[in-house]
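Please read the numbered points with the model at hand.

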Amino acid sequence: MIFGRSRRNGGDASAIADFWAWWPTVRLPAEEAIASGEWAALTPHIVRRVTAIHPDLQWEFSRGTAAKHALIVSPGGVAELRPIAARWGALAPDPDATWEYHIARQPDPQMLQSTIGLGGGVQLDLQQMRFAFTRDGDAPEIGVVAYHPGFRMFGEDVCRQVTFLTLDWLLGEDGVEEWIGEISWAGDEPPAGAEPAALSAAVDGLREEYRTRRWELMRGELPDGSPLIATAQRPLRPVRWPRFDTHVAITLPYTGRNAAGLPEAAALAALREFEDTALGTAAGADGELLAHETSRGARTLHYYVDADSPAADDLAEAAGWWKDGRARVERHFDPALERIRHFG
């Protein structure tokens, strides 16, 4: 077996534990600050605690969805930070009537009925926001063009900020990450511009379509003309597996192959048995098989696992069970799923 490892920054685990040990002492002051708007005494302490976990994490207090208030520590769309936020969230106390905890901004569509200030006394009425959106065939994503008549007066940075802010309020941060593809904005109303609720309904429909696990079969050809068969989960978005930051690629050779280099019946059965056994007994709840590809007498299984669990080592051990040749195992820090992006 060949085994490789790459660097990762999983955040400061002790700082996460320290944060949750400290939190009960500031719950009430946070509630008082929300009511009064007086944050000067509390903010530096929150900044210090969150920064100790990782300096690039974002945090905020907001209205809760079930509780009165919500505390959010978010990666802000940065894939490398999502596992750190997920580990923070995993240690959060159970929500109660007053507080709930999230690792992403939650939908708050009521905010699109409000007016926001953009500085210099400029106010933007969000009730005038419209979205044109399209879906390319059966792709598991929707492309969006945001429109507001006020965009004609602003530069790209302001338009971008308003667009992403309103999408987060409409769909939630994870909803945008998982289901929205290309995002742009326009100062002139695009054809088929619709109320925000229409975009929200379209995303709900897409989410329902992919409620059960979906795999896509792909066929291709290598430069030497050899056929390649691959399957991958859809949609292949990192936000679906926030803790799984480490790619474990297991390549299994097989001798029972046809003239095209693809597995014959007995070899295919052995490969499928390995997949089921490795996922169930090695990766378990701390990993997921996201894709595999087969060609020229070998199948590569692309697992993603939580680096803070033993799953990567257990998968490497499982590769030693393979009897039809020498398995190869490689491991890389890859929270953005870059190593399997070509399947997406």
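1. Proline 235 is found in the loop between β10 (227–234) and β11 (246–253); helices (H or I, at least four residues) and strands (E, at least two) are DSSP runs, numbered from the N terminus. The peptide bond that joins arginine 234 and proline 235 is cis, with omega of about -10 degrees.

2. The model is predicted: local features need pLDDT of at least 70, side-chain atom pairs count only at pLDDT 80 or more, and totals for chains, interfaces and linings use all residues. Residues are numbered from 1 along each chain as its sequence is written, and side-chain values use heavy atoms, with hydrogens and water left out.

3. Phi of alanine 192 is near 65 degrees, a positive value in a residue other than glycine. Most residues other than glycine have a negative phi, and most peptide bonds are trans.

4. How do helices α8 and α9 pack, and at what angle? Helix α8 (residues 265–283) and helix α9 (residues 311–319) pack at about 145 degrees, with their axes 9 Å apart; axes are lines fitted to C-alpha atoms, for helices over the stretch in contact, and angles run from 0 to 180 degrees between N-to-C directions. The contact (heavy atoms within 4.5 Å) involves Phe274, Ala278, Ala282 and Ala283 of α8, together with Ala311, Asp314, Leu315, Ala318 and Ala319 of α9. By class, eight of these residues are nonpolar, none polar and one charged; Ala, Val, Leu, Ile, Met, Phe, Trp, Tyr, Cys and Pro count as nonpolar, Asp, Glu, Lys and Arg as charged, and the others, Gly among them, as polar.

5. The whole structure contains 13 aromatic pairs; rings of Phe, Tyr and Trp (its six-membered ring) pair if their centres lie within 6.5 Å, and planes under 30 degrees apart count as stacked, over 60 as edge-to-face and the rest as tilted. The pair of phenylalanine 19 and tryptophan 22 is edge-to-face because the ring centres are 5.5 Å apart and the planes lie at 70 degrees. Phenylalanine 19 and tryptophan 22 are three residues apart in helix α1 (residues 13–22), and therefore separated by about one helical turn.
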